[in-house]
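The structure under discussion is shown below.

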Number of protein chains: 2
Amino acid sequence: VTRVDEAYAQLVAALRLQADLGGVLQLLEWDQETLMPAGAIEGRARQIGTLAGLLHERQTAPAFLAVVDGLADSGAELNPQQAVDVRETKWRVDRRRRLDTALVRERSTLHAQARAVWVAARRDNDFAILAPWLGRVVETERRAAAAMDASRPAYDVLLEEYEPGASAALIEPLFADLRHGLLPLVDRIKARLDAGPLDANALCGDFPVEAQRRFNQAVAVRLGFDFNKGRLDEAAHPFTTNVGDDVRITTRYDARDLRYALYATLHETGHALYEQGLDAEAWGTPRGQSCSFGIHESQSRLWENQVGRSMAFWKHLLPAARQAFPGLARTSLESIVVAANEARPSLIRTEADEITYNLHIILRFELERALVDGSLDVAALPQVWREKMGEYLGVIPETDRDGVLQDVHWPSGAIGYFPSYALGNMYAAQLDCAAEADMGSVEAAVAAGEFRLLLSWLRQHVHRLGQTYRPVELIRVATGQLPTSRPLLDHLERRVTFLESL
Amino acid sequence: VTRVDEAYAQLVAALRLQADLGGVLQLLEWDQETLMPAGAIEGRARQIGTLAGLLHERQTAPAFLAVVDGLADSGAELNPQQAVDVRETKWRVDRRRRLDTALVRERSTLHAQARAVWVAARRDNDFAILAPWLGRVVETERRAAAAMDASRPAYDVLLEEYEPGASAALIEPLFADLRHGLLPLVDRIKARLDAGPLDANALCGDFPVEAQRRFNQAVAVRLGFDFNKGRLDEAAHPFTTNVGDDVRITTRYDARDLRYALYATLHETGHALYEQGLDAEAWGTPRGQSCSFGIHESQSRLWENQVGRSMAFWKHLLPAARQAFPGLARTSLESIVVAANEARPSLIRTEADEITYNLHIILRFELERALVDGSLDVAALPQVWREKMGEYLGVIPETDRDGVLQDVHWPSGAIGYFPSYALGNMYAAQLDCAAEADMGSVEAAVAAGEFRLLLSWLRQHVHRLGQTYRPVELIRVATGQLPTSRPLLDHLERRVTFLESL
């Protein structure tokens, strides 16, 4: 055993201890969102704070940092796998240690306060009470970015928290292309709707929640979700969490609309398949962890959209759906696919369809970037928001509640997060095309219910790799192309053409 | 602020951090028993190990020990509340630090192994494969006891893990009295059963699990369980856990027998009411923690037995039970009380009735004490078990599975645990009598569904006190008497008389 191997073993042991604490934190939060009695909230917040503090202690312990630095200095002696783990750990550790404890504490207190103010501001539709807090959040994030890396634009430093290796310079042309391609699609949707109403009610009706629970469970199993190492529960805001070799997804049911739960389940199952597909041998190390928020979102979107809204998927699923819900006995395949692809420009991001969704993200990227570089003032946000909504989607919110107050991200300090949603959509389309090119017809496999084919391809080209590559490089290696909006625009164009054909 | 107050504040902060970690460990275990997918067991064991290690680090950190020792040396300067917290913390800390890390690790490994062997031995009804492991467990527990306090009998040192301040010298005469009083009661039960069958089937029939869930939930609410800070779920072996201001009970349902879930729920609700009644101001400190295993068991038993098997309780509950289960429409009150008090000598402790149960415990106390002091050899256990079962209960197990292999306690290293079950039964009867003497008729209050009266009394005399007194003293202060078997024997004698009257 060499000195380097010994140090690497120490690194892995430390990272795994940190991963255990991280998994426990995930369970505390999962339990809070799903099952915890309301009165336990204070105690739970304290437990989470205590555990997060212990994790932070470990992550910044001098002995741990010394191991990381020592390994980073012995670059040439590392084997390729070790090199990945050292590169990614060193990168995260360096970002973290440049933030002093006072700033870390200031940020988390400020975010908690601003989040609470946001709840009230949204309830009362009163942006004015949030504005000063948002100003403080932006200013504090700028300071944090400067501490982490003063040599680069603050926005890029923040963005990298979610999408390592990305930058505004990379995203801007991608989003410009995407916007350029989407605006005509939005016009075509509007024209189609002006020409006459779409009958998109095939999945509305009477769908008892208990039957939906069984149905969603079965759908997750069909896609490949492993219930031996996971669960499906309910939460107000669906999410996926990995408690540690134990991946839990949540959905929420609407007894009058089958789509509500089903597409949340498909989305979260996509996240879960990624987590369940990570390399178990490498658990706790960067090679055993997901690559980025954008890549994670690509997995959820691919299963939700490329797969779940396709004619092929419903060809496969319809018999089971009819068995679960006798009311669907005479509902046609085509009418269901219409319901699954209903589209129209709208105000709320989380309720937006697959096509217009991306414009909601581009708007937020433009605004948050301008906030951080100082070219946009917080006070001007509501007005600029309305202008851009009019320009991109042709709909203008009457209230800030339906406008700039709708998302929790900025008050929570999550600036630089939004781009990963649209990047995920682009990556999903690129990966879908690459899988199609590699495997022959993904569509035929989906129609036959053979989801394992697509899943194996994703396992091999995405899941198993963990953080071996950074997201842009991962996409290049997996698809043969750098990130690009073309496949997504082609995919969405086909959706619009389908709606026009009705 | 004096130097002592400052040190005490440090003590409280350290204890609360430890309590948070303890609460998180409780959640990990609760989740494992109720919801966790089977495949996550390895990861969960690792998380529990990691967190238990961190907790142990904190509990044995030199800075923490120095604070405890410093406070223990400034006895006269402590106010009475501080004195309690220092006394109890010092006592636990001293026990813990006298065990070296190697022995701590040896014990937990050995207990895990012996427990696994026990599972196989019980399955295969093969005591011989367990015997050498049990021998090692006894020997290791003797060494641990000697390390903790070589000046006292090993059994007493082990016993105090569960019942601080207790000793075999205290328990032996209590149990001798109890046994002396129980043997004639067992004879009377046998005589009653010989005279003709008891019709005890009133609570057997068709009780759909979903209706039982609602019913048990409602019963817990009636007794005073606070669902704003707690839950009721299902587990194979019902238990109660306090996750931190969040008390979770579990039960298990038998669709053919209402008693199965109901009496588990009453039992666990008793434990839960204790936890929910602890002094929230003192959380994390000994004053905010339960007094002992025996006192805890007194709370579960009091609600399960003194309350839950009484005619008064069923007078109150029957209308609700009939509403929940229309099959009970014509079932008489008396026949239900008979079903709730069915008694007969039997082989399995966990299935024993209220009366014979105590003899199962006395037998185990006698055997484990003899094992520890060396007067009984492990190899002789099955034979001595059979002899004592014949002597005390008149039934002799045909297999060791129904005899010495039935309990997990000894293989798990829990030697000294069993007495707390019978002590709990004695304490419950004493507390019930004292409450009756203080409040007038507990029975009338129960019949009127006014459980709050009894609960308030228990809050004041037991729950709120935490570890202010050690168990024997708590009972003396609360009831005016040292622990005694008389009230329990009187209570059980009334039960037998009732069965004889039928």
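In this predicted model, the largest cavity holds about 60 Å³ of space. A search of the whole structure finds 6 cavities of 30 Å³ or more. The lining of the largest cavity is made up of A:Phe127, A:Leu130, A:Leu134, A:Trp385, A:Val404, A:Leu405, A:Asp407, A:Trp410 and A:Pro411. By class, 8 of these lining residues are nonpolar, none is polar and 1 is charged. Helix H6 of chain A (residues 127–148) contributes the most to this lining, with 3 residues.

The second topic is helix packing. Two packed helices are described by the angle between their axes and the distance between the axes.

| Helix pair | Residues | Angle | Axis distance |
|---|---|---|---|
| H14(A) and H16(A) | 357–373 and 419–439 | about 140° | 8 Å |
| H11(B) and H16(B) | 293–307 and 419–439 | about 60° | 7 Å |
| H9(B) and H10(B) | 209–223 and 258–276 | about 30° | 10 Å |

In chain A, helices H14(A) and H16(A) pack at an angle of about 140°, which makes H14(A) oblique to H16(A). Their crossing is left-handed. On the H14(A) side the contact involves A:Tyr357, A:Asn358, A:Ile361, A:Phe365 and A:Glu368, and these meet A:Pro419, A:Tyr421, A:Ala422 and A:Asn425 of H16(A). The contact of H14(A) with H16(A) comprises 6 nonpolar, 2 polar and 1 charged residues.

In chain B, the axes of H11(B) and H16(B) lie 7 Å apart at an angle of about 60°, so H11(B) is oblique to H16(B). H11(B) crosses H16(B) in the right-handed sense. From H11(B), the residues in contact are B:Phe293, B:Gly294, B:Ile295, B:Glu297, B:Ser298, B:Gln299, B:Arg301, B:Leu302 and B:Gln306. Their partners in H16(B) are B:Ser420, B:Tyr421, B:Gly424, B:Asn425, B:Tyr427, B:Ala428, B:Ala429, B:Leu431 and B:Asp432. Sorted by class, the contact of H11(B) with H16(B) has 8 nonpolar, 7 polar and 3 charged residues.

The remaining pair in the table is also in chain B, where H9(B) and H10(B) pack at about 30° with their axes 10 Å apart. The crossing of H9(B) and H10(B) is right-handed. H9(B) supplies B:Gln212, B:Phe215, B:Asn216, B:Val219, B:Ala220 and B:Leu223 to the contact, while H10(B) supplies B:Leu258, B:Ala261, B:Leu262, B:Thr265, B:Leu266, B:Thr269 and B:Leu273. The contact of H9(B) with H10(B) contains 9 nonpolar and 4 polar residues, and no charged residues.

Conventions:
Residues are numbered from 1 along each chain as its sequence is written. Chains are lettered from A and ligands numbered from 1 in the order in which they are written. This is a predicted model: local features need pLDDT of at least 70, side-chain atom pairs count only at pLDDT 80 or more; totals for chains, interfaces and linings use all residues. Side-chain values use heavy atoms; hydrogens and water are left out. On a 1 Å grid over the protein atoms alone, a cavity is a set of points where a 1.4 Å probe fits but cannot get out, and a pocket is an open set with protein on both sides within 12 Å along at least five of seven lines; lining residues have an atom within 4 Å of a point. Grid points are joined across faces, edges and corners, and a volume is the space filled by probe spheres set on the points. Helices (H or I, at least four residues) and strands (E, at least two) are DSSP runs, numbered from the N terminus. Ala, Val, Leu, Ile, Met, Phe, Trp, Tyr, Cys and Pro count as nonpolar, Asp, Glu, Lys and Arg as charged, and the others, Gly among them, as polar. Axes are lines fitted to C-alpha atoms, for helices over the stretch in contact, and angles run from 0 to 180 degrees between N-to-C directions. Angles under 35 degrees count as roughly parallel, over 145 as roughly antiparallel, 65 to 115 as roughly perpendicular and the rest as oblique. A crossing is left-handed if the near helix is turned anticlockwise from the far one by less than a right angle, and right-handed if clockwise. Contact means heavy atoms within 4.5 Å.
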